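These are notes for a colleague who is opening this structure for the first time. Please keep the sequence and the model side by side while reading.

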Amino acid sequence: MTSILRKAALFAAIGLAGLSTAVSAATLKIGTEGGYPPWSMVDASGKVTGFDADIGNALCQRLDMKCRFVVQAFDSLIPALQAERFDLVISGMSVTAERAKVIAFSIPYATEDSAFVLPKDSPLIDAPDQETIFKGLEGKTIGVQGGTTQGAFLQKFAPGITLKTYETQDQMQMDLSSGRLDGTFSEVTPQSQFLKKAGDRQFAMAHHVIKSSAAPEVLGLGIGAGINQRNVELKKKVDAALCAMIADGTVKASSEKWFGVDLSNYQACP
Amino acid sequence: MNMSLVDILQSGWIGMLLRGAGMTVFISLCGIVLGTAIGIAGAAVKVGGNRLARGLVGLYTLIVRSVPELLIIYLLFFGTVQPAADLADYLEWDELMSSAFPMLIGILAIGLISGSYGVEVFRGAFKAIDPGQIEAARAFGMSRAQCLRRVTLPQLLWYALPGANNVWQNALKDTALISLVGLVELMRAAVLGAAATREPMALYLMAGALYFIIGLFSQGLFVLAERRFGHGMRRAAA
């Protein structure tokens with residue numbers, strides 16, 4: 001009798017152990033903002049969608065793991081990654097020297113330029129370079145999203161501009177629409193989405209687009225996945241998988257689906 | 001270009017907001033139960049405890065009430081996320097931990113915050129009970145426990161109701177702060193919906209209306225409770 005019980009207990013223990021290791025080893029937890037379309041957003045059923053969701057899902061498929069997205073405010077993503085609440089951050093995050101001090105990054109799988117949105121009649125729309133724009137905006141109030149590279153860039157190169165920091169893109173854009181801002185500075189894709197929705201009547205994008213390569217030390221080297229610095233093994237696997245995804249056109253296909261342009265960073269891999 | 005209200009209603013975000021509202025109510029209720037327990041225990045210590053215990057309770061209410069609620073939530077979350085992850089790893093409860101953790105932190109935070117205000121509310125209620133009644137009860141031969149159950153607690157709850165109502169309404173709104181650490185409650189659902197539909201005003205107005213309805217409903221419950229527990233009590237204003 002006791003031996004039957006013991007056997008049963010043994011089987012149960014083996015079964016449980018097998019089950020739990022199977023689940024935990026195969027899950028890749030990905031932190032993302034969920035409020036930054038079309039990079040990262042959540043649909044009405046709570047499912048994470050957008051360009052970064054595609055990248056994450058394709059990555060999991062290549063690594064033969066199960067994806068689980070954790071949605072959190074952008075500002076809290078890096079501290080939570082450091083505390084190992086998730087394995088990766090995939091949230092349109094620019095690779096910067098500042099951030100690289102505290103977390104590791106994958107290869108930058110995409111690159112994106114930044115641009116000002118200004119009143120349609122502003123002479124700065126046709127300004128030939130960034131110096132002219134900065135000079136023209138001296139003393140004006142420009143909106144940026146908190147914790148972004150664009151804010152850091154203006155702080156460093158255009159100290160004459162008064163910055164107003166917002167939690168989300170739509171709060172910033174609402175303030176612009178209601179006339180409390182003289183312009184906004186953000187990545188090209190959310191800016192053009194805003195213009196598309198606002199109907200282009202009042203605002204336009206400055207023709208001079210600011211490339212990340214203009215100031216990689218603040219604007220970053222492109223968009224990468226954040227990885228805990230202790231997790232060297234994962235970085236190797238993620239880098240290899242992302243390079244393969246750039247090479248076989250997976251990144252290109254998702255980018256064209258969400259942005260209408262190819263943001264793949266072909267220089268990232270040897 | 002703009003979505004009409006009908007489009008938003010049909011897009012399913014109402015369901016997401018309602019689920020968020022359910023989470024808000026759940027977190028608030030669990031938090032306030034914890035907070036009430038802390039409040040009554042803390043008040044009992046402040047009224048009848050020794051000097052050391054009184055000092056400790058005083059320190060707790062002083063710290064929690066003078067630090068912003070958001071900071072308390074951040075400290076609790078980022079202060080415990082690493083040990084919690086280690087514990088979950090050890091117990092192999094990874095799946096459970098990842099989804100339940102922000103919820104536990106939320107309940108703990110709301111409990112600690114509402115508890116710190118609750119201590120003063122219940123201390124006031126203790127003080128409002130005429131000491132003569134307790135002396136009389138003891139003189140009749142009631143034990144301390146009987147006296148607590150039959151004389152002190154029924155009156156305590158009634159005297160504490162107006163203040164407890166304030167604490168509850170604040171707890172309800174403090175849950176919005178937990179959205180920042182990844183819990184999808186009403187506020188977070190509205191933020192996500194605002195980004196996805198690009199109709200922030202509509203989503204925030206709907207969330208505001210839901211908070212208002214929850215507040216209105218709980219206000220009604222408090223009015224009923226004041227009537228119910230008020231039987232045989234003198235009216236506060238009269």
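Which residue in β5(A) does Gly31(A) stand opposite? The answer is in point 2, after a word on the model.

1. Basis. This is a predicted model, in which local features need pLDDT of at least 70, side-chain atom pairs count only at pLDDT 80 or more, and totals for chains, interfaces and linings use all residues. Residues are numbered from 1 along each chain as its sequence is written, while chains are lettered from A and ligands numbered from 1 in the order in which they are written.

2. The sheet of chain A. Gly31(A) stands opposite Val70(A) in β5(A). Strand β1 (residues 27-32) of chain A runs parallel to β5(A), and six bridges join the two. Both belong to an open sheet of five strands with mixed pairing, in the order β5-β1-β6-β13-β7 (chain A). Strands are DSSP runs of E of at least two residues, helices are runs of H or I of at least four, and both are numbered from the N terminus; two strands pair if DSSP finds at least two bridges between them. The edges are β5 (66-71) and β7 (104-105) of chain A, each with a single partner strand, so one side of each has no neighbour in the sheet. Helix α2 (residues 51-63) of chain A packs on the sheet and touches β1 and β5 of chain A, its direction making about 150° with that of β5(A). Such angles run from 0 to 180 degrees between N-to-C directions, with axes fitted to C-alpha atoms, for helices over the stretch in contact.

3. Helix α7(A). Gln169(A), Asp170(A), Met172(A), Gln173(A) and Leu176(A) are buried in α7 (residues 169-177) of chain A. Because these residues cover an arc of only 155° around the axis, they lie on the same side of α7(A); the arc is that of the directions from the helix axis to the C-beta atoms. A residue is buried if 20 or more other C-beta atoms lie within 10 Å of its own, exposed if 12 or fewer, and partly exposed in between, with C-beta atoms placed from the backbone. Just after α7(A), Gly179(A) takes a positive phi of about 85°.

4. Val209(A). This residue is in the loop between β12 (203-205) and α9 (216-219) of chain A. Val209(A) counts as partly exposed because it has 15 C-beta neighbours inside 10 Å. Its C-alpha atom is separated by 7.8 Å from that of Phe116(A), 93 residues apart along the chain.

5. Cores. A nonpolar core is a set of buried Ala, Val, Leu, Ile, Met, Phe, Trp, Tyr and Cys residues joined through C-beta atoms within 7 Å. The largest has 100 residues, and Leu88(A), Tyr109(A), Leu17(B) and Ala190(B) have the most contacts inside it. Helix α5 (residues 94-128) of chain B gives the most to this core, with twelve residues. A second, separate core of 25 residues includes Val144(A) and Phe203(A).

6. Chain B and its contact with chain A. Chain B has nine helices and zero strands. Of its 238 residues, 35% count as buried. In all, 25 residues of chain B are in contact with 29 residues of chain A, a contact being two C-beta atoms, placed from the backbone, within 7 Å. On the side of chain B that touches chain A, the largest share, five residues, comes from α8(B). The residues of that side divide into 15 nonpolar, six polar and four charged.

Methods: Ala, Val, Leu, Ile, Met, Phe, Trp, Tyr, Cys and Pro count as nonpolar, Asp, Glu, Lys and Arg as charged, and the others, Gly among them, as polar.
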